[in-house]
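Thanks for making the time this morning.

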Amino acid sequence: MATGLREVFADVISTLLREKDMKEFADQYGPWAIVTGATSGIGEAFARRLATSRLNLVLVARREDRLVGIASELEGRHGIETRIVPVDLASEDFLPVVARATHDLDIGLVVNNAGVLKAGTFLDHELADELYQLDLNVRAMMIVAHHFGRRLRERRRGGMIFLASTVAFAGVPGVSAYAASKAHVLSFAEGFAPEAARDGIAVMALCPGPTSTEIWPGGATPTRPMRPEAVAEIALRNLGKRTTVVAGLINGMTALSTRFAPRRVNSMIFARVIGGMLRNAVTSSGTAVPSPTTSSPSNHRANV
Ligand SMILES: NC(=O)c1ccc[n+]([C@@H]2O[C@H](COP(=O)([O-])OP(=O)(O)OC[C@H]3O[C@@H](n4cnc5c(N)ncnc54)[C@H](OP(=O)(O)O)[C@@H]3O)[C@@H](O)[C@H]2O)c1
(Lines give C-alpha, C1' and ligand atoms only; values in the text may rest on other atoms or scores of the structure.)
Protein backbone atom coordinates (compact mmCIF):
# COMPACT_ATOMS: atom_id res chain seq x y z
CA MET A 1 0.00 0.00 0.00
CA ALA A 2 1.40 3.46 -0.88
CA THR A 3 2.58 5.49 2.15
CA GLY A 4 -0.07 8.21 1.61
CA LEU A 5 -2.88 5.69 1.45
CA ARG A 6 -1.56 3.91 4.56
CA GLU A 7 -1.58 7.20 6.50
CA VAL A 8 -5.15 7.98 5.44
CA PHE A 9 -6.18 4.45 6.46
CA ALA A 10 -4.46 4.83 9.89
CA ASP A 11 -6.17 8.21 10.37
CA VAL A 12 -9.59 6.75 9.60
CA ILE A 13 -9.03 3.82 12.01
CA SER A 14 -7.86 6.08 14.85
CA THR A 15 -10.80 8.45 14.28
CA LEU A 16 -13.22 5.50 14.37
CA LEU A 17 -11.63 4.17 17.60
CA ARG A 18 -11.77 7.63 19.17
CA GLU A 19 -15.42 7.97 18.17
CA LYS A 20 -16.13 4.53 19.68
CA ASP A 21 -14.40 5.48 22.98
CA MET A 22 -16.29 8.77 23.07
CA LYS A 23 -19.60 7.02 22.45
CA GLU A 24 -18.94 4.46 25.20
CA PHE A 25 -17.94 7.24 27.62
CA ALA A 26 -21.03 9.31 26.74
CA ASP A 27 -23.30 6.25 27.12
CA GLN A 28 -21.92 5.60 30.61
CA TYR A 29 -21.46 9.13 31.92
CA GLY A 30 -23.57 11.35 29.65
CA PRO A 31 -25.56 12.95 28.29
CA TRP A 32 -24.95 15.71 30.91
CA ALA A 33 -22.12 16.30 33.38
CA ILE A 34 -22.04 18.83 36.20
CA VAL A 35 -18.73 20.46 37.13
CA THR A 36 -18.44 22.58 40.28
CA GLY A 37 -15.72 25.21 40.28
CA ALA A 38 -15.73 25.32 36.49
CA THR A 39 -14.43 28.88 36.06
CA SER A 40 -10.72 28.14 36.49
CA GLY A 41 -8.03 25.56 37.11
CA ILE A 42 -8.87 21.88 37.34
CA GLY A 43 -12.64 22.38 37.06
CA GLU A 44 -12.30 24.41 33.87
CA ALA A 45 -9.95 21.73 32.50
CA PHE A 46 -12.56 19.05 33.26
CA ALA A 47 -15.22 21.10 31.50
CA ARG A 48 -13.06 21.58 28.40
CA ARG A 49 -12.07 17.92 28.28
CA LEU A 50 -15.65 16.68 28.77
CA ALA A 51 -16.83 19.00 26.00
CA THR A 52 -14.44 17.25 23.60
CA SER A 53 -16.25 13.99 24.54
CA ARG A 54 -19.46 15.85 23.62
CA LEU A 55 -21.05 15.74 27.05
CA ASN A 56 -23.46 18.58 27.72
CA LEU A 57 -22.33 20.61 30.71
CA VAL A 58 -23.73 22.25 33.81
CA LEU A 59 -21.09 24.72 34.96
CA VAL A 60 -21.21 25.92 38.57
CA ALA A 61 -19.15 28.66 40.28
CA ARG A 62 -19.57 32.22 41.55
CA ARG A 63 -18.10 34.31 38.70
CA GLU A 64 -20.96 34.61 36.25
CA ASP A 65 -18.99 36.45 33.53
CA ARG A 66 -16.48 33.60 33.36
CA LEU A 67 -19.23 30.96 33.34
CA VAL A 68 -20.91 32.74 30.43
CA GLY A 69 -17.63 33.03 28.49
CA ILE A 70 -16.60 29.39 28.95
CA ALA A 71 -20.11 28.08 28.24
CA SER A 72 -20.54 30.00 25.00
CA GLU A 73 -17.06 29.08 23.83
CA LEU A 74 -17.65 25.36 24.45
CA GLU A 75 -21.09 25.43 22.82
CA GLY A 76 -19.66 27.09 19.72
CA ARG A 77 -16.60 24.88 19.48
CA HIS A 78 -18.09 21.45 20.27
CA GLY A 79 -21.79 21.81 19.49
CA ILE A 80 -22.80 20.83 23.03
CA GLU A 81 -25.50 22.29 25.26
CA THR A 82 -24.57 24.07 28.48
CA ARG A 83 -26.31 25.51 31.49
CA ILE A 84 -24.61 27.84 33.96
CA VAL A 85 -25.38 28.09 37.67
CA PRO A 86 -23.80 31.13 39.32
CA VAL A 87 -23.95 30.32 43.03
CA ASP A 88 -21.82 30.43 46.18
CA LEU A 89 -21.46 26.78 47.21
CA ALA A 90 -20.30 27.80 50.68
CA SER A 91 -23.64 29.45 51.37
CA GLU A 92 -26.20 27.78 53.62
CA ASP A 93 -28.93 27.29 51.02
CA PHE A 94 -27.23 26.71 47.67
CA LEU A 95 -28.78 23.30 46.98
CA PRO A 96 -32.26 24.50 45.90
CA VAL A 97 -30.57 26.81 43.36
CA VAL A 98 -28.54 23.95 41.87
CA ALA A 99 -31.44 21.46 42.10
CA ARG A 100 -33.86 23.84 40.32
CA ALA A 101 -31.36 24.54 37.54
CA THR A 102 -30.76 20.84 36.86
CA HIS A 103 -34.02 19.04 37.69
CA ASP A 104 -34.88 18.34 34.02
CA LEU A 105 -31.41 17.14 32.95
CA ASP A 106 -30.17 13.56 32.69
CA ILE A 107 -26.89 14.00 34.57
CA GLY A 108 -24.49 11.05 34.44
CA LEU A 109 -21.27 12.55 35.79
CA VAL A 110 -20.57 14.78 38.79
CA VAL A 111 -17.19 16.48 39.10
CA ASN A 112 -17.23 17.61 42.73
CA ASN A 113 -14.33 19.99 42.39
CA ALA A 114 -14.86 23.50 43.82
CA GLY A 115 -12.48 24.25 46.67
CA VAL A 116 -10.39 26.91 48.37
CA LEU A 117 -7.03 26.82 50.10
CA LYS A 118 -6.54 28.86 53.26
CA ALA A 119 -2.77 28.91 53.73
CA GLY A 120 -1.00 29.87 56.96
CA THR A 121 -1.30 28.92 60.60
CA PHE A 122 -4.75 28.07 61.92
CA LEU A 123 -4.77 30.48 64.87
CA ASP A 124 -3.71 33.40 62.68
CA HIS A 125 -6.81 32.94 60.53
CA GLU A 126 -10.22 34.34 61.26
CA LEU A 127 -12.51 31.49 62.31
CA ALA A 128 -15.03 32.66 59.70
CA ASP A 129 -12.46 32.06 56.93
CA GLU A 130 -11.70 28.58 58.25
CA LEU A 131 -15.39 27.73 58.39
CA TYR A 132 -15.87 29.06 54.87
CA GLN A 133 -13.16 26.66 53.69
CA LEU A 134 -14.81 23.80 55.58
CA ASP A 135 -18.25 24.64 54.16
CA LEU A 136 -16.98 24.64 50.59
CA ASN A 137 -14.42 21.84 50.69
CA VAL A 138 -16.46 19.42 52.80
CA ARG A 139 -20.09 20.45 53.39
CA ALA A 140 -20.82 21.46 49.79
CA MET A 141 -19.15 18.32 48.43
CA MET A 142 -21.35 16.15 50.69
CA ILE A 143 -24.52 17.98 49.69
CA VAL A 144 -23.74 17.75 45.97
CA ALA A 145 -22.79 14.07 46.35
CA HIS A 146 -25.99 13.21 48.22
CA HIS A 147 -28.33 15.07 45.86
CA PHE A 148 -26.83 13.83 42.60
CA GLY A 149 -25.88 10.43 44.05
CA ARG A 150 -29.57 9.66 44.59
CA ARG A 151 -30.33 10.71 41.02
CA LEU A 152 -27.51 8.53 39.67
CA ARG A 153 -28.77 5.64 41.77
CA GLU A 154 -32.15 5.87 40.04
CA ARG A 155 -30.61 5.60 36.58
CA ARG A 156 -28.17 2.91 37.83
CA ARG A 157 -25.14 4.23 36.02
CA GLY A 158 -22.82 7.21 36.16
CA GLY A 159 -19.76 8.59 37.90
CA MET A 160 -18.65 10.96 40.65
CA ILE A 161 -15.20 12.48 40.93
CA PHE A 162 -14.19 14.03 44.25
CA LEU A 163 -11.24 16.42 44.39
CA ALA A 164 -9.03 15.42 47.31
CA SER A 165 -5.28 16.13 47.29
CA THR A 166 -1.92 14.57 48.13
CA VAL A 167 -2.03 16.59 51.38
CA ALA A 168 -4.95 14.34 52.37
CA PHE A 169 -2.37 11.69 53.28
CA ALA A 170 -0.97 13.57 56.31
CA GLY A 171 -1.63 16.31 58.82
CA VAL A 172 0.10 19.29 57.25
CA PRO A 173 1.26 22.32 59.26
CA GLY A 174 0.73 25.51 57.27
CA VAL A 175 -2.41 24.17 55.62
CA SER A 176 -3.73 22.14 58.55
CA ALA A 177 -7.47 22.70 58.09
CA TYR A 178 -7.22 22.50 54.29
CA ALA A 179 -5.38 19.16 54.51
CA ALA A 180 -7.97 17.92 57.01
CA SER A 181 -10.78 18.88 54.63
CA LYS A 182 -9.08 16.89 51.87
CA ALA A 183 -8.54 13.92 54.23
CA HIS A 184 -12.30 13.98 54.80
CA VAL A 185 -12.98 13.96 51.06
CA LEU A 186 -10.49 11.14 50.45
CA SER A 187 -11.79 8.97 53.28
CA PHE A 188 -15.42 9.61 52.36
CA ALA A 189 -14.95 8.84 48.67
CA GLU A 190 -13.02 5.63 49.41
CA GLY A 191 -15.77 4.45 51.75
CA PHE A 192 -18.60 5.57 49.50
CA ALA A 193 -17.14 3.97 46.35
CA PRO A 194 -18.04 0.33 47.13
CA GLU A 195 -21.53 1.38 48.31
CA ALA A 196 -22.12 3.33 45.10
CA ALA A 197 -20.65 0.59 42.88
CA ARG A 198 -23.63 -1.60 43.82
CA ASP A 199 -25.82 1.02 42.10
CA GLY A 200 -23.62 1.22 39.00
CA ILE A 201 -21.92 4.46 40.07
CA ALA A 202 -18.15 4.79 39.66
CA VAL A 203 -16.64 6.95 42.43
CA MET A 204 -13.16 8.41 42.30
CA ALA A 205 -11.06 10.19 44.92
CA LEU A 206 -8.74 12.29 42.77
CA CYS A 207 -5.56 13.43 44.51
CA PRO A 208 -3.57 16.00 42.56
CA GLY A 209 -0.29 17.32 43.87
CA PRO A 210 0.78 20.89 43.13
CA THR A 211 -1.08 22.06 40.04
CA SER A 212 -0.84 25.44 38.27
CA THR A 213 -4.15 27.06 39.15
CA GLU A 214 -5.57 30.13 40.86
CA ILE A 215 -5.89 28.33 44.20
CA TRP A 216 -2.37 29.25 45.27
CA PRO A 217 -1.92 32.56 47.08
CA GLY A 218 0.07 35.22 45.22
CA GLY A 219 3.84 34.71 45.46
CA ALA A 220 3.55 30.96 46.15
CA THR A 221 5.83 28.73 44.10
CA PRO A 222 4.33 25.25 43.74
CA THR A 223 7.10 22.73 43.05
CA ARG A 224 7.01 20.98 39.65
CA PRO A 225 3.33 21.84 39.20
CA MET A 226 1.22 19.76 36.85
CA ARG A 227 -1.06 21.33 34.28
CA PRO A 228 -4.76 21.14 35.19
CA GLU A 229 -5.47 19.59 31.77
CA ALA A 230 -3.15 16.67 32.62
CA VAL A 231 -4.90 16.14 35.96
CA ALA A 232 -8.34 16.03 34.30
CA GLU A 233 -7.11 13.68 31.59
CA ILE A 234 -5.65 11.21 34.13
CA ALA A 235 -8.91 11.24 36.08
CA LEU A 236 -11.16 10.62 33.11
CA ARG A 237 -8.94 7.85 31.76
CA ASN A 238 -9.15 6.04 35.13
CA LEU A 239 -12.82 6.61 35.89
CA GLY A 240 -14.54 3.30 36.52
CA LYS A 241 -11.19 1.51 36.77
CA ARG A 242 -9.66 2.84 40.00
CA THR A 243 -11.07 4.60 43.07
CA THR A 244 -8.07 6.44 44.49
CA VAL A 245 -6.11 8.19 41.78
CA VAL A 246 -3.03 10.23 42.59
CA ALA A 247 -2.18 12.36 39.57
CA GLY A 248 1.42 12.06 38.38
CA LEU A 249 4.23 9.63 39.16
CA ILE A 250 6.09 11.75 41.75
CA ASN A 251 2.86 12.58 43.56
CA GLY A 252 2.00 8.88 43.51
CA MET A 253 5.35 8.03 45.10
CA THR A 254 4.86 10.78 47.71
CA ALA A 255 1.43 9.42 48.65
CA LEU A 256 2.75 5.85 48.76
CA SER A 257 5.70 6.82 50.96
CA THR A 258 3.33 8.07 53.68
CA ARG A 259 2.34 4.44 54.33
CA PHE A 260 5.82 3.53 55.49
CA ALA A 261 6.67 6.47 57.77
CA PRO A 262 5.25 7.40 61.18
CA ARG A 263 2.51 10.01 60.88
CA ARG A 264 4.58 12.66 62.71
CA VAL A 265 7.38 12.19 60.17
CA ASN A 266 4.92 12.57 57.31
CA SER A 267 3.69 15.83 58.89
CA MET A 268 7.23 17.16 59.22
CA ILE A 269 8.10 16.32 55.62
CA PHE A 270 4.90 17.81 54.22
CA ALA A 271 5.39 20.91 56.42
CA ARG A 272 8.81 21.46 54.94
CA VAL A 273 7.69 20.93 51.36
CA ILE A 274 4.53 23.06 51.60
CA GLY A 275 6.37 25.66 53.71
CA GLY A 276 8.90 26.03 50.88
CA MET A 277 6.15 26.53 48.31
CA LEU A 278 4.44 29.16 50.49
CA ARG A 279 7.63 30.95 51.60
CA ASN A 280 6.97 34.09 49.55
CA ALA A 281 3.20 33.82 49.51
CA VAL A 282 0.98 36.76 50.41
CA THR A 283 -2.69 36.73 51.35
CA SER A 284 -5.34 38.50 49.24
CA SER A 285 -5.06 41.47 51.62
CA GLY A 286 -1.33 41.74 50.82
CA THR A 287 0.11 40.43 54.10
CA ALA A 288 2.64 37.59 54.18
CA VAL A 289 1.28 34.09 54.78
CA PRO A 290 2.67 33.20 58.23
CA SER A 291 4.96 30.20 57.97
CA PRO A 292 4.04 27.14 60.00
CA THR A 293 6.08 26.60 63.17
CA THR A 294 7.73 23.25 62.74
CA SER A 295 8.11 22.01 66.27
CA SER A 296 10.40 19.24 67.40
CA PRO A 297 9.38 15.63 66.71
CA SER A 298 8.56 15.05 70.39
CA ASN A 299 5.80 17.69 70.17
CA HIS A 300 4.14 15.65 67.43
CA ARG A 301 3.74 12.47 69.47
CA ALA A 302 0.01 12.97 69.91
CA ASN A 303 -0.34 12.62 66.12
CA VAL A 304 1.08 9.14 65.86
N1 LIG B 1 -4.12 23.44 42.45
C2 LIG B 1 -3.62 22.51 43.23
O3 LIG B 1 -2.39 22.47 43.47
C4 LIG B 1 -4.51 21.47 43.84
C5 LIG B 1 -3.94 20.32 44.40
C6 LIG B 1 -4.74 19.37 44.97
C7 LIG B 1 -6.12 19.52 44.98
N8 LIG B 1 -6.67 20.64 44.44
C9 LIG B 1 -8.13 20.76 44.50
O10 LIG B 1 -8.65 20.95 43.19
C11 LIG B 1 -9.89 21.64 43.28
C12 LIG B 1 -9.90 22.75 42.25
O13 LIG B 1 -8.97 23.73 42.63
P14 LIG B 1 -8.05 24.50 41.60
O15 LIG B 1 -6.67 24.23 41.99
O16 LIG B 1 -8.49 24.26 40.22
O17 LIG B 1 -8.35 26.00 42.08
P18 LIG B 1 -8.93 27.29 41.36
O19 LIG B 1 -8.27 27.54 40.05
O20 LIG B 1 -8.87 28.36 42.39
O21 LIG B 1 -10.45 26.89 41.09
C22 LIG B 1 -11.38 26.82 42.14
C23 LIG B 1 -12.78 26.82 41.53
O24 LIG B 1 -13.71 26.76 42.60
C25 LIG B 1 -14.65 27.82 42.46
N26 LIG B 1 -15.09 28.30 43.76
C27 LIG B 1 -14.31 28.82 44.75
N28 LIG B 1 -15.09 29.19 45.78
C29 LIG B 1 -16.37 28.89 45.43
C30 LIG B 1 -17.62 29.04 46.07
N31 LIG B 1 -17.72 29.57 47.29
N32 LIG B 1 -18.73 28.65 45.41
C33 LIG B 1 -18.65 28.12 44.16
N34 LIG B 1 -17.50 27.95 43.51
C35 LIG B 1 -16.36 28.33 44.14
C36 LIG B 1 -13.89 28.91 41.70
O37 LIG B 1 -14.78 29.72 40.95
P38 LIG B 1 -15.38 31.13 41.41
O39 LIG B 1 -14.26 31.90 42.03
O40 LIG B 1 -15.87 31.70 40.11
O41 LIG B 1 -16.49 30.82 42.37
C42 LIG B 1 -13.07 28.07 40.74
O43 LIG B 1 -13.84 27.74 39.61
C44 LIG B 1 -10.02 22.11 44.72
O45 LIG B 1 -10.92 21.26 45.41
C46 LIG B 1 -8.63 21.97 45.28
O47 LIG B 1 -8.62 21.76 46.65
C48 LIG B 1 -5.91 21.60 43.86
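Predicted model: local features only at pLDDT ≥ 70, side-chain atom pairs only at ≥ 80, totals over all residues.

Residues are numbered from 1 along each chain as its sequence is written.

Arg224 sits in the loop between E6 and helix H7 (228–238), and helices and strands here are DSSP runs, H or I of at least four residues and E of at least two, numbered from the N terminus. Its phi is near 40°, a positive value in a residue other than glycine. A second case is Arg156, in the loop between H5 and E5, which has a positive phi of about 60° without being a glycine. Arg156 is exposed too, given 10 other C-beta atoms within 10 Å.

A further backbone point is the peptide bond from Gly30 to Pro31, which is cis, with omega near 0°. Most residues other than glycine have a negative phi, and most peptide bonds are trans. Pro31 lies in the loop between helix H1 (3–29) and strand E1 (32–36).

What is Asp106 in contact with, once its neighbours within four places in sequence are left aside? The partners are Pro31 and Trp32, contact meaning that the C-beta atoms, placed from the backbone, lie within 7 Å. Asp106 itself belongs to the loop between helix H4 (95–102) and strand E4 (107–112), and it counts as exposed because it has 12 C-beta neighbours inside 10 Å. From Asp106 to Ala33 the C-alpha distance is 8.5 Å, although 73 residues separate them in sequence.

Now the sheet. Its 7 strands run in the order E3-E2-E1-E4-E5-E6-E7, in an open arrangement with parallel pairing, where two strands pair if DSSP finds at least two bridges between them. Strand E3 (82–86) and strand E7 (244–246) stand at the edges with a single partner strand each, so one side of each has no neighbour in the sheet. On average, neighbouring strands are turned by 15° against each other, direction ignored, with axes fitted to C-alpha atoms, for helices over the stretch in contact, and angles between N-to-C directions running from 0 to 180 degrees. Strand E5 (residues 158–163) and strand E6 (residues 201–207) pair in the parallel sense over 6 bridges, and Phe162 has Ala205 in E6 as its bridge partner. Helix H3 (residues 64–78) packs on this sheet, touching strand E2 (56–61) and E3, and its direction makes about 175° with that of E3.

Let me finish with a helix pair. The axes of helix H5 (residues 127–155) and helix H6 (residues 176–197) come within 9 Å and cross at roughly 10°. That makes H5 roughly parallel to H6, a label used for angles under 35 degrees, with over 145 roughly antiparallel, 65 to 115 roughly perpendicular and the rest oblique. Among the residues that meet are Leu134, Val138 and Met141 in H5, and Tyr178, His184 and Val185 in H6.

Overall, the protein has 9 helices and 7 strands, and of its 304 residues 42% count as buried.

Note on methods: Buried ≥ 20, exposed ≤ 12 C-beta atoms within 10 Å, placed from the backbone. Contact = placed C-beta atoms within 7 Å.
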